[in-house]
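Please look over the sequence and the structure shown here before reading the report that follows.

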Amino acid sequence: MTETGGRRPGRAWIARLGPRGAVELDRAASPRAVVEDAVARVGADPVRWAIELNSLVVRRIVGEVPSLGGSPAAVELLRRGNEATTLRALFTLVEGPAAAPPTDEAILEGIHEFVHRAVPLERVLHGVRIGHAATTEAFLRACAELVDPEMAVDEVTAVSRELFSYVDDLSDTMIRAYLVEHEAWSTSAAAARADIVRSLLSDATATATDVGEASRVLGYDLRRTHEAVVVWSDTPNGNSTLQAAATEALRARGATTTLVVPVASGRLWAWGTVSRDGTVPSGGSVPSGGTRRTGSWETIAEALSRQRTQAAFGTPGGGVEGFRRSHREAERGERIERLRREAGRVPRHATVYADVAAIALLATDLDAAGDFVRRELGGLATRNASMEALRTTLYHYIGAERSLADVARRLHVARGTVTYRVKRAQEVLGHGLDERRFALHTALALAEELGDAVLQPSSPVRQTNSPVRQPNKPVPQPNRRPES
């Protein structure tokens, strides 16, 4: 390959990097202009390799340091920042250190996020070390595969040295940025409010004086009855939209005052003062003719859907204890919705804890819940479409007190189909429906809500942890049917 532009001699192997899978450039976390610039500098295949590598590395970082995640939007923000560092590592190797300043806006966004969420600096740096180790491993493996064996040792040594120097500079810059942002944030009113709320949620010994002072600082009366909500979105940096969605939802529920605390990119906590029976609390504006009832959950869900947000609501509770309990319930509801999403279920924009409390409690220990489901359902716990149809039909059949008509109407199938599926499900179970009916219905409910999280594990598939090179020679492809 002829070296052109800013390419460094001996680094032609980088142009032969390529992902293992089908990775399109539009899967990048970075803005389109950044991706286009990267393609112009190092080529499309190396950029696709970096995109694939970044996804693997971010999963490893969040798996080992969960606090660096926190929400889908926060993970996306982390993906954007880590992708920027991976691309800049490519630029460093191809064009030299001067071509890749150690930080950019995407990386600094992540630093601001961690400070505002009170993620300690040591955890941020732990994540940096994990990412560096995984990324360096992938670069060195590719280098060893692509470089002539006579030059491989020298090249691997040089690549390792250059990447270490790059990450060392990156870490120094991130530390400085973290400390500057921490100093500014720690003196802000928003930080004070967030600290008070976290203290209230974790401290069950607050005195009346503490509660009064906290209420004054928060501008929110903690002695009232509260309904908590957790609101989230997959879109990073959408907290203004989330705050509006949380306030609107709580107002629809009858809240006269609200407290909103952003806790992560794309995620926030909120509370509203409400009455236990769903009417406007004392002091709220009431239309002439009586009290105003709260908005329906359907109306609230529609509004959240329009705003592309999701929310989980706790049940109302009085005083600081009710403030805590309602919040815990909202977080449990959020967890169930996230598990449902992983199972491929249709998202619910408004999740009411009272509706999912049994599932939430049963799934507190997800491993034990899975053991229970697989033990009770046997072959019905197999992961495939036919078993899923049998499980769903049987779940509704038991819940409808064995009414074929009700199940057929709910599932939009013929009564004969319901009859067949119920008979087939009993054959798979190996016993009738009256035997262990409660346990059977409970296991079916868990499977219906949580899917793969509690079903039989799939056959193990060998995983790799880094993309590989684009080969010099065509790789034999499996036989494929002719395209029509």
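## The second largest cavity

The lining of the second largest cavity consists of Trp232, Gln310, Glu337, Arg338, Arg341 and Pro347. The model is predicted, so that local features need pLDDT of at least 70 and side-chain atom pairs count only at pLDDT 80 or more, while totals for chains, interfaces and linings use all residues. Residues are numbered from 1 along each chain as its sequence is written, and side-chain values use heavy atoms, with hydrogens and water left out.

A cavity is here a set of points, on a 1 Å grid over the protein atoms alone, where a 1.4 Å probe fits but cannot get out, and lining residues have an atom within 4 Å of a point. About 40 Å³ of space lies in this second largest cavity, a volume being the space filled by probe spheres set on the grid points, which are joined across faces, edges and corners. Helix H11 contributes the most to this lining, with three residues, where helices are DSSP runs (H or I, at least four residues) and strands are runs of E (at least two), numbered from the N terminus. By class, the lining holds two nonpolar, one polar and three charged residues; Ala, Val, Leu, Ile, Met, Phe, Trp, Tyr, Cys and Pro count as nonpolar, Asp, Glu, Lys and Arg as charged, and the others, Gly among them, as polar.

## The largest cavity

The count comes to two cavities of 30 Å³ or more, and the largest holds about 380 Å³ of space. Of the 26 residues that line the largest cavity, Gly81, Asn82, Thr85, Val128 and Leu170 are the closest to its centre. Two or more lining residues come from each of helix H3 (72–95), helix H4 (105–116), helix H5 (121–146) and helix H6 (149–186). This lining divides into 16 nonpolar, ten polar and no charged residues.

## Aromatic pairs

The whole structure has five aromatic pairs, which are rings of Phe, Tyr and Trp (its six-membered ring) with centres within 6.5 Å, called stacked if the planes are under 30 degrees apart, edge-to-face if over 60 and tilted for the rest. Tyrosine 220 and phenylalanine 323 form a tilted pair, 6.4 Å centre to centre with 55 degrees between the planes. Because tyrosine 220 lies in the loop between helix H8 (208–218) and strand S1 (225–232) and phenylalanine 323 in helix H11 (residues 319–342), the pair ties together parts that are 103 residues apart in sequence.

Tryptophan 271 and phenylalanine 323 form a stacked pair, 4.2 Å centre to centre with 10 degrees between the planes. Ring pairs link Tyr220, Trp269, Trp271 and Phe323 into a cluster.

Technical notes
1 Å grid on protein atoms, 1.4 Å probe; cavity = no way out; pocket = protein on both sides within 12 Å on 5 of 7 lines; lining within 4 Å.
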